[in-house]
Amino acid sequence: MAGKTLNLTLRVWRQKGPKDQGGFVDLQAKNVSEDASFLEMLDAVNEELVSKGDEPIAFDHDCREGICGACGFVIDGEAHGPMKSTTVCQLHMRNFTDGATLTIEPFRAQAFPVIKDLMVNRSAMDRIISAGGYISQNAGNAVDANAILVPKADADEAMSSATCIQCGACVAACKNASAALFTSAKISHMALLPQGQVERKERALRMVAAMDAEGFGACTTTGACEAACPKDIQLTNISRMNREFLVANATKREKHSDGGAG
């Protein structure tokens with residue numbers, strides 16, 4: 001038996017390029033299956049636009065399984081839409097009401113310039129990772145799980161932090177466009193594991209400096225980022241990042257000309 005269908009009015013942000021002023025355009029989404037995902041609904045709208053010779057709506061997407069972090073925009077003022085712990089690619093139309101008007105716009109942040117329509121440039125987050133979100137030495141192949149002892153609580157927290165998919169919803173939800181939740185998750189992930197200890201202090205200093213340099217705002221701990229995060233990354237990561245940064249800053253040593261610590 002066929003499921004229910006919806007007829008919606010979409011108030012979509014259209015912007016031809018970074019220098020275009022942009023604005024909202026009303027489009028109709030007709031006979032949308034309640035079993036379709038939000039991106040599948042946009043696919044159908046785009047097919048109709050293309051059939052008329054119009055430009056399709058540009059939006060980011062890739063795996064459509066909620067694990068790659070490629071997709072993301074704002075629906076009725078909420079990053080990734082109204083469902084908690086859900087990426088927009090996993091958001092289904094059964095969560096909306098027939099006849100509703102939905103406002104769809106890109107993530108808004110100075111560090112996320114609009115490329116086109118709903119697509120934004122999130123490479124600033126890549127540059128934060130490049131500043132220190134890795135282990136620089138070859139650690140070899142994966143070893144047996146019990147070869148390196150890690151306290152259960154630390155392993156659980158590290159795994160929770162590692163689930164950040166770098167989608168940018170935390171930035172879009174924050175009134176200051178802060179990237180503190182994202183950066184702190186990446187710092188916490190390795191600060192909690194033995195493999196991350198050698199570069200722990202330098203990592204905190206470099207990643208926080210990169211975050212500030214990219215133009216993200218300051219964290220005022222409102223919790224909007226945690227509420228919008230589709231992977232339930234916790235605010236406690238920000239506390240850990242602040243501690244890591246303060247300790248690293250208070251104990252840092254100048255390097256000799258040969259690269260060694262003084």
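These legends walk through one predicted model, from the whole chain to two close-up views. In this predicted model, local features need pLDDT of at least 70 and side-chain atom pairs count only at pLDDT 80 or more, while totals for chains, interfaces and linings use all residues. Residues are numbered from 1 along each chain as its sequence is written, and side-chain values use heavy atoms, with hydrogens and water left out.

View 1. Helices (H or I, at least four residues) and strands (E, at least two) are DSSP runs, numbered from the N terminus. The C-alpha atoms fill a box of roughly 65 × 45 × 35 Å along the principal axes. Of the 262 residues, 42% are buried (under 20% relative accessible area, 1.4 Å probe, protein chains only).

**View 2. Ser37, in the loop between β2 (23–33) and α1 (38–51).** Here is a residue tucked away from the surface: Ser37 is buried, with a relative accessible area of 6%. Beyond its neighbours within four places in sequence, Ser37 is in contact (heavy atoms within 4.5 Å) with Cys89, Leu91, His92 and Met93.

**View 3. Helix α5, residues 180–191.** The twelve residues of α5 reach 16 Å from first C-alpha to last, close to the 16 Å expected at 1.5 Å a residue (1.5 Å times one less than the number of residues). Eleven of the twelve are buried, so α5 is largely enclosed by the rest of the structure. Among the buried residues are Leu181, Phe182, Lys186, Ile187 and Met190. Have a look around the helix, too: its buried residues pack against α2 (123–130), α3 (152–162), α4 (169–173), α6 (200–213), α7 (224–228) and α8 (236–251).

Technical notes: Buried < 20%, exposed > 50% of the residue type's maximum accessible area, 1.4 Å probe, protein only.
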